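These are my notes for a first reading of the model. Please keep the structure open while going through the points.

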Amino acid sequence: MRYLLSVIHDRDDRATPEEDAAIDVFNDRLVAEGHWVFAGGLGAPVAATVVDNRSGEVMFTDGPFVESKEFLIGFWIIEAADLDVALKLAAEGSKACNRKVEVRPFL
């Protein structure tokens, strides 16, 4: 089963060199153990653009969809046998990146 591990952050700073190194080690482990699907870091919320074409007239709005103290700064998409495995991997990912990680299954 696939899971989205969302990295949650509450400051504008980026990962430190030590955090980057720990993330690289974690990513290598995900690959070696067959859990890796995809991962990426995201720009700050101020770099976001919201696109809304629900009414047939497209609207572009600068900035994040919602104002929040916490925001999505990166993610992993992993393959895991079950939620318990995904939670253990998320705990290791959280330690590696020094951020909170939210776990959600893909449907």
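1. Which residue in β5 does isoleucine 8 stand opposite? In this predicted model, isoleucine 8 faces leucine 72 of β5. A second pair can be found beside this one: valine 7 has glycine 74 of β5 as its bridge partner.

2. The strand to start from is β1. It is joined to β5 (residues 71–79) by eight bridges, and the two strands run antiparallel. Strand β6 (residues 100–105) is also antiparallel to β1, with six bridges between them. Of the eight residues of β1, six are buried, so the rest of the structure largely encloses this strand.

3. Serine 6 is part of β1, which covers residues 2–9. Is serine 6 buried or exposed? Serine 6 is buried, because its relative accessible area is 6%, and buried here means under 20%. Its bridge partner in β6 is glutamate 102. Apart from neighbours within four places in sequence, the contacts of serine 6 include Leu72, Gly74 and Phe75, as well as Lys100, Val101 and Glu102.

4. The sheet as a whole is open and has four strands, in the order β2-β5-β1-β6, with antiparallel pairing. Its edge strands are β2 (36–41) and β6, each of which pairs on one side only. From one strand to the next, the twist averages 20°.

5. Two helices pack on this sheet. The helix α1 touches β2 and β5, and its direction makes about 25° with that of β5. The helix α2 touches β1, β5 and β6, and its direction makes about 155° with that of β6.

6. How far apart are the end C-alpha atoms of α2? They are 20 Å apart, which agrees with the 21 Å that the 15 residues of this helix (residues 83–97) should span at 1.5 Å a residue. The buried residues of α2 are Ala86, Leu89, Ala90, Gly93, Ala96 and Cys97. Seen down the helix axis, these buried residues fall within an arc of 120°, so they line one face of α2. As background, an α-helix has 3.6 residues a turn, so residues three or four places apart point the same way.

7. The buried residues of α2 pack against β1, β5, β6 and α1 (17–32). On the other side of α2, the exposed residues are Asp84, Lys88, Ala91 and Lys95.

8. Both ends of α2 deserve a look. At the start, a side-chain oxygen of aspartate 82 comes to within 3.1 Å of the backbone nitrogen of aspartate 84. After α2 comes asparagine 98, with a positive phi near 60°.

Key: Residues are numbered from 1 along each chain as its sequence is written. This is a predicted model: local features need pLDDT of at least 70, side-chain atom pairs count only at pLDDT 80 or more; totals for chains, interfaces and linings use all residues. Side-chain values use heavy atoms; hydrogens and water are left out. Buried means under 20% relative accessible area, exposed over 50%, partly exposed in between (1.4 Å probe, protein chains only). Contact means heavy atoms within 4.5 Å. Two strands pair if DSSP finds at least two bridges between them. The expected span of a helix is 1.5 Å times one less than its number of residues. The arc is that of the directions from the helix axis to the C-beta atoms. A polar contact is a pair of N or O atoms within 3.5 Å; within protein, one must be able to donate a hydrogen and the other to accept it, and residues adjacent in sequence count only if both atoms are side-chain atoms. Axes are lines fitted to C-alpha atoms, for helices over the stretch in contact, and angles run from 0 to 180 degrees between N-to-C directions.
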